[in-house]
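I am opening a notebook on this structure and will set down what I looked up, entry by entry. The sequence and the model come first.

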Amino acid sequence: HRTGKNHYQTKNEVIMKRLLLLIAMCLFLLPLSAQRYLPGQQGLQAIGGTTDGYGLIRHRNVGFYIGIARSSYTFSANRWVYGVEYLNRHYCYKHTPLPVAQFTAEGGYYYQFLSNSGKDVFFSVGGLLMTGYETSNWGRKRLTDGATLLNKDNFLYGGAVALEIETFVTDRIILLFNIKERLLFGSSVGKFHCQTGIGVKYIIR
């Protein structure tokens, strides 16, 4: 009877060890994807980059943008995005750079269409509605040579399409690479602007 009891305990111990090993394997494998992009998760991001191929290196050909946004994730790693941006682009008049600045608010939806097997890298395409305000030379119409700037300050409206790549550094910190093509009506310097930028996102909950 005592031998049978010991045999029963040994068999239970083997089963328990196997269950614990299985649970440990699941805990090791699942968090990489299970804790990422759950429906209802929120993220805050900051991003910046160049505009129309111009950067900050050459003084006369400055073109850059910066922005902050909030993401709200739905199913299948898709997300709603709401944010604001500041875009600055210089245009030359007789070798004098004149800044044109745009302040915009945007909102839209990103659809995740590709990811790697480890759920570390995600590719998404997005569509955004945008509105904002544009000012030329910060409202100063009289130029240094006495000429008058005819560009008016305007309200903007339109949208954008974007391609975004997200790479997880940790479960909460994400690096971003974004390419966006704007189409904004009301601008006095052209409707289209192409933005290329990098940024960082933090999952807040």
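Entry 1, strands. I began with strand β4 (residues 96–115), which pairs with β5 in the antiparallel sense over 15 bridges. Strands here are DSSP runs (E, at least two residues) numbered from the N terminus, and two strands pair if DSSP finds at least two bridges between them. Within this pairing I noted Tyr111, which stands opposite Val125 in β5. As a reminder to myself, strands of a sheet pair through backbone hydrogen bonds, either parallel or antiparallel.

Before going on, I wrote down the ground rules. This is a predicted model, in which local features need pLDDT of at least 70 and side-chain atom pairs count only at pLDDT 80 or more, while totals for chains, interfaces and linings use all residues. Residues are numbered from 1 along each chain as its sequence is written, and side-chain values use heavy atoms, with hydrogens and water left out.

Entry 2, the barrel. In what order do the eight strands close into a barrel? I read the order as β1-β2-β3-β4-β5-β6-β7-β8, with antiparallel pairing. From one strand to the next the twist averages 25°, where axes are lines fitted to C-alpha atoms and angles run from 0 to 180 degrees between N-to-C directions.

I found Glu85 in strand β3 (residues 79–93). Is Glu85 buried or exposed? Glu85 counts as buried because its relative accessible area is 8%; buried means under 20%, exposed over 50%, and partly exposed in between, with a 1.4 Å probe and protein chains only. The side chain of Glu85 makes a polar contact with the side chain of Arg182, at 2.8 Å. A polar contact is a pair of N or O atoms within 3.5 Å; within protein, one must be able to donate a hydrogen and the other to accept it, and residues adjacent in sequence count only if both atoms are side-chain atoms. Leaving aside neighbours within four places in sequence, Glu85 is in contact (heavy atoms within 4.5 Å) with residues including Tyr65, Gln102, Met130, Lys180 and Gln195.

I looked up the aromatic pairs, and the structure holds eight. Phe122 and Phe168 form an edge-to-face pair, 5.9 Å centre to centre with 65° between the planes. Rings of Phe, Tyr and Trp (its six-membered ring) pair if their centres lie within 6.5 Å, and planes under 30 degrees apart count as stacked, over 60 as edge-to-face and the rest as tilted. Phe122 is in strand β5 (residues 121–136) and Phe168 in strand β6 (residues 154–168), 46 residues apart, and both Phe122 and Phe168 are buried. Ring pairs also link Phe64, Tyr86, Phe103 and Trp138 into a cluster.

Asp52, in the loop between β1 (42–51) and β2 (63–73), has a positive phi of about 55° although it is not a glycine. Ala77, in the loop between β2 and β3, likewise has a positive phi, of about 65°. Asp52 is partly exposed, with a relative accessible area of 24%, whereas Ala77 counts as buried at 6%.

I ended with Ile173 in strand β7 (residues 173–185), which counts as partly exposed at 34% relative accessibility. Ile173 and Tyr202 are 29 residues apart in sequence and 4.9 Å apart in space, C-alpha to C-alpha.

Note on methods
Helices (H or I, at least four residues) and strands (E, at least two) are DSSP runs, numbered from the N terminus.
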